[in-house]
Structures are given as C-alpha cells and as structure tokens.
Amino acid sequence: RMMKYDQADNLAKAVPSPFTLNNAKLLFSRLDDGVMGGKSITNMDQAQAAAAGAALLFAGTINTDGGGFASIRSPLENSLPKDAKGLKLKYKGDGKTYKVLLSKKGAGGPFAKDPSWQADLATTKSSDDDAISEAILPYESFVPSFGGGGKSRHDMSSFVFHQEEMGQMGLMLSLKLSCGKSNPVETYGEGIFDFKLEIHEIDFV
C-alpha cells in the first residue's frame, strides 16, 4: 500500500535560504517523487544547517525504484522583473546534471494547465577546496515541461515564457533532462545514490 505523501507538512517545514530575489526571501520546501509513490528524499535538515553558512544545499538520496526525482521549490513573492534576461547561479556540484525550474504558482506536472519551465544545470564534481562555478541561464534557454516521459497531450509550441508571470522557482534532479531525454547514468546515477548541490548565489542578469 502506498504511503500518503504529506506535502502540507513539507511546506510547513520550508527552510529559509540566504537569498532574496526581487526583494523577497526565497523559502524552499521539498517536493520529491513520493508524491507519486516513489522513495527519493531531499534532506531538509542538511539544507537548514547550510543556510546558516550562507549557502543553499540541495542534497539527499535518489531511489529509482518507483520514481527517480527530488526537488526543492520556493514561491517567488514578487515574481521576476521585466527587464531581467535570465538567472545567474554560483554553485558547487557533484558531477550530476540538475534542472532549474520556473513556473506559475501551482503549475507543472502532467495534469496541470500550465507547464514548468526548465533549464539544465550541468555540474562537475567539486571538493571543498574547489572554486565556485558560475552559470548564466537566459530565459530563452528554458523549455516548457509537464513532467513524465510520455508524449505530452499539450501543443508545447503554444506556450510562451513570460517572466512576470512566474510565481515559483526550484531545483530538481531527475531521470529526465529539460529536453525530455534521459539524463545519462554518468550525470544522473543508477539504483540508489546520493546527490549534493551547493548554491552560493542566485541573481538576475
């Protein structure tokens, strides 16, 4: 029997991040594949500890038995400014390819009216002594997605990205890349495995 996934509890335990966007604090909660019966989990205790050190830590364990993704999401209380062209992230990774997510509030998922917009964030395996990497993600690089691996019932070409409509941002590690193709084993993993992504800055460009 599938255990109930308590997203209300996850939201109540959201972790304040050290970052603000458009003068609003980012407050992250987890949304993992347990929502569809999976076994992956994001470790929010580690995220809480890292926030005190001026970093956002997205870490946990993926279990591909019945699922295959983990994510954290934050509301964008003031949306995104109209004059911005994209996002800048400074980070340390573990060699996996993650996704950065932007969406309207409540959007995304196979049964939603509106898609989430996704862009890949490739990382290299870093140690504590390694330099922080930087990525510029233009809004034009974000592609619409409703999740899942099957053919979408939507005409994806009909969706247009408007940054002023975005009400949520997130980070995800998934068995699918933003284009819908499989995330290779080399940049994802297989079976049961840990992941770790440290974010040191989120800003506009």
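Predicted model: local features only at pLDDT ≥ 70, side-chain atom pairs only at ≥ 80, totals over all residues.
## Overall architecture

The protein chain contains 2 helices and 12 strands, and, read along the sequence, these elements follow the pattern α-β-β-β-α-β-β-β-β-β-β-β-β-β. The radius of gyration is 16 Å, close to the 17 Å that the globule rule gives for 205 residues, so the chain is as compact as a globular protein of that length.

Along its principal axes, the C-alpha trace spans about 50 × 45 × 35 Å. Of the 205 residues, 49% count as buried, and among contacts between residues at least 6 apart in sequence, 76% join residues at least 24 apart.

## The open sheet

An open sheet is formed by 7 strands in the order β1-β2-β5-β11-β7-β8-β10, with antiparallel pairing. Its edge strands are β1 (15–21) and β10 (143–145), each of which pairs on one side only. Neighbouring strands of this sheet are turned against each other by 30 degrees on average, direction ignored.

Within the sheet, β7 (residues 97–103) and β11 (residues 168–174) run antiparallel and are joined by 5 bridges, and V100 stands opposite L171 in β11. Helix α2 (residues 44–51) lies across β1, β2 (24–30) and β5, and runs at about 55 degrees to β1.

## The nonpolar core

The largest nonpolar core has 44 residues, of which L89 and L102 touch the most other members. Strand β12 (residues 192–204) supplies the largest share of this core, with 6 residues.

When neighbours within four places in sequence are left aside, the contacts of L102 include the aromatic residues W117, Y139, F142 and F161. L102 is also in contact with L76, L80, L87, M166 and M169, as well as with S116 and Q168.

## A buried serine in a loop

S79 is placed in the loop between β5 (69–75) and β6 (86–92). Is this residue buried or exposed? Because its relative accessibility is 13%, and the limit for a buried residue is under 20%, S79 counts as buried.

The side chain of S79 has polar contacts with two backbone oxygens: that of Q163 lies 3.1 Å from a polar atom of the side chain, and that of E164 is reached at 2.8 Å. Leaving aside neighbours within four places in sequence, S79 is in contact with Q163, E164, E165 and M166, and also with N22. M166 is in contact with S79 and is likewise among the contacts of L102.

Technical notes. Residues numbered from 1 in each chain as written. Heavy atoms only, no water. Core = buried A, V, L, I, M, F, W, Y, C linked by side-chain atoms within 4.5 Å. Buried < 20%, exposed > 50% of the residue type's maximum accessible area, 1.4 Å probe, protein only. Helix = DSSP H or I, 4+ residues; strand = E, 2+ residues; numbered from the N terminus. Contact = heavy atoms within 4.5 Å. Polar contact = N/O pair within 3.5 Å; in protein donor to acceptor, adjacent residues only side chain to side chain. Pairing = 2+ DSSP bridges. Axes fitted to C-alpha atoms, helices over the stretch in contact; angles between N-to-C directions. Rg over C-alpha atoms; globule rule 2.2 N^0.38 Å.
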